[in-house]
Amino acid sequence: MNDLSLIGEDEMELYELTICELHDKLKKREVSSVEATRSLLARIEAVEPRVGAYITVTAEEALKSAAEADKLIAEGKSDILTGIPVALKDIFLTKGIRTTCASRILANFIPPYDATAWLKLKERGAVLVGKLNQDEFAMGSSCETSAFGKTRNPWNLECIPGGSSGGSAAAIAARQATATLGTDTGGSIRQPASHCGCVGLKPTYGRVSRYGVIAYASSLDQVGPMTRDVADCAVMLGAVAGFDPKDSTSVNLPVPDYTQALVRDLKGVKIGLPKEYFIPGLDPDVKHALDQAIETYRGLGAEFREITLPHTDYAVATYYLVATAEASSNLARYDGVRFGHRAKEAKGLVEMFSRSRDEGFGPEVKRRIMLGTYALSSGYYDAYYLKAQKVRTLIMHDFIRAFEEVDLILTPVAPTPAFRLGEKTNDPLQMYLSDIFTIPVNLAGTCGISVPAGFSREGLPIGLQLVGRPFGEEAILRAAYAFEQATEWHKRKAAL
Amino acid sequence: MKITKAEVGHVARLARLELTEEEQETFTGQMDAILAYVEKLNGLDTAGIIPTAHAVPMENAFREDEVVPSIGVDNALANAPDRVEGFFRVPKVIE
């Protein structure tokens with residue numbers, strides 16, 4: 001190492017380091033977790049007024065856990081996550097720390113226990129710096145349905161960060177957390193990751209426990225990491241994945257060491273390009289980024305073939321029946337009896353339920369509860385909900401057939417780069433259609449990752465999506481890593 | 001029209017949502033547009049297709065019925081909007 005590179009490293013602020021970089025410095029005792037945490041807290045203070053990624057910053061608790069992590073490191077008990085400052089979407093229950101799901105109905109809710117995904121990070125010494133903004137109950141594609149204010153895209157403050165895990169993505173892009181967790185029901189990790197230029201992985205349904213994660217649509221919800229680069233993503237996924245007796249939908253399969261999958265060689269890997277995703281309506285900058293990416297992949301030894309996912313066009317309609325039906329059932333628990341907001345001076349029980357819910361829920365949540373209740377109601381169940389479940393089978397079969405021909409599928413993440421704040425808030429259907437390329441992966445229950453793949457002419461990040469077979473996380477991480485190492489997109493920083 | 005304002009009012013009662021007149025009006029238009037959009041599913045023949053409830057094949061997750069520690073009454077009541085002794089208090093249910 002020459003002197004120049006040493007100077008370069010010294011100039012790097014601690015908040016700018018990835019998990020792997022910070023771990024290296026912590027292990028060598030070059031820096032302490034308290035210093036790294038202080039650096040991040042100062043960064044949050046500096047940029048948060050412009051970005052608005054957080055609902056709650058837990059500065060005091062963070063410094064306390066960082067000091068404990070430093071003790072562990074001094075005792076030689078350091079794990080890769082020990083002392084690493086992380087933040088969570090405010091959908092993860094955190095014992096003793098307010099968890100709102102960005103809803104007024106949970107504005108004062110203090111969970112009595114931890115979500116398993118968070119507990120797994122905590123037990124390995126990770127430091128929680130705060131709880132991140134999102135769409136209310138994870139219902140939205142822009143973070144604009146939050147009851148706790150807007151989050152702005154660090155690359156352009158007039159644009160949305162994406163949603164629903166918008167705060168989780170913006171915090172990575174603005175260097176306000178070393179890594180974050182989000183959840184993805186119809187694209188809520190991958191779409192904001194794409195819009196904010198970070199890495200976001202939605203694992204296979206059942207790969208990560210949802211215990212302690214506030215439910216939206218239970219047959220679709222999954223927990224996943226959002227990180228600066230693919231190596232960090234592999235570390236975080238390995239940390240949170242695995243069977244949990246407290247979530248009966250978690251699958252009892254061994255968790256591989258995902259970092260072992262990170263190799264640059266893609267020789268002989270067959271990648272499918274679904275013709276239904278490369279449509280004339282695709283934004284030209286997105287198309288350009290994807291075309292370039294395909295060339296990069298060819299250079300890495302991958303082979304491409306056109307495939308068909310014939311029921312793609314039905315995915316959004318299917319999703320908005322299945323997800324809203326499940327949401328209307330899941331959100332029935334917010335009745336003002338045991339926790340959450342209760343309307344004052346209601347005359348009877350039913351009035352208390354109805355008024356508490358009316359006062360507590362925002363318009364998008366009400367709209368989805370209404371749609372779901374309608375789709376499940378007597379006389380409409382077969383026509384809407386059952387029909388959607390049958391079409392879901394057809395969409396799953398599309399993927400099963402495709403994976404007989406190819407190892408991976410490459411697609412855009414979103415049809416356009418991040419749109420403007422307020423652009424789609426008055427037209428729910430247009431907002432729903434922005435998830436067209438991510439929703440089918442949730443319906444099929446398989447895994448997908450968004451990786452930075454370029455920028456629009458306006459300077460907004462564009463991601464590419466790699467979809468793998470169920471429990472094929474290693475294959476998508478490998479292909480994402482090879483691409484990342486061959487490109488420079490992930491090294492760009494938002495000017496803030 | 002796929003849905004009328006009266007039906008929206010009925011669904012709101014089923015969903016235990018006390019919507020204002022204005023909300024009912026807005027939702028009627030928006031739900032009508034969304035229901036018209038999802039109508040496209042009827043263009044698909046799904047005769048004989050088995051509905052999917054979960055993407056990963058699942059069986060009942062049985063476990064031994066063992067007593068394990070729980071969060072306890074105080075923790076369970078800590079977020080209650082209203083409580084009395086070890087109970088949640090609600091408005092009078094029976095007249």
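Chain A and chain B bury about 5,000 Å² between them, 70% of it on carbon and sulfur atoms. Buried area here is the accessible area (1.4 Å probe) that two parts lose on being put together, summed over both. In chain A, A:M370, A:Y374 and A:K387 lose the most area to chain B, together 13% of what that side buries.

This is a predicted model, in which local features need pLDDT of at least 70, side-chain atom pairs count only at pLDDT 80 or more, and totals for chains, interfaces and linings use all residues. Residues are numbered from 1 along each chain as its sequence is written, chains are lettered from A in the order in which they are written, and side-chain values use heavy atoms, without hydrogens and water.

The interface counts are these.

| Item, chain A and chain B | Value |
|---|---|
| Residues of chain A in contact with chain B | 67 residues |
| Residues of chain B in contact with chain A | 49 residues |
| Salt bridges | two salt bridges |
| Polar contacts, both residues at pLDDT 80 or more | 16 residue pairs |

Contact means heavy atoms within 4.5 Å. A salt bridge is a side-chain nitrogen of Lys or Arg within 4 Å of a carboxyl oxygen of Asp or Glu. A polar contact is a pair of N or O atoms within 3.5 Å; within protein, one must be able to donate a hydrogen and the other to accept it, and residues adjacent in sequence count only if both atoms are side-chain atoms.

B:E23 and A:K366 form a salt bridge through their side chains (2.7 Å, N to O). α13(A) gives the most to the side of chain A that touches chain B: twelve residues. Helices are DSSP runs (H or I, at least four residues).

Key
Helices (H or I, at least four residues) and strands (E, at least two) are DSSP runs, numbered from the N terminus.
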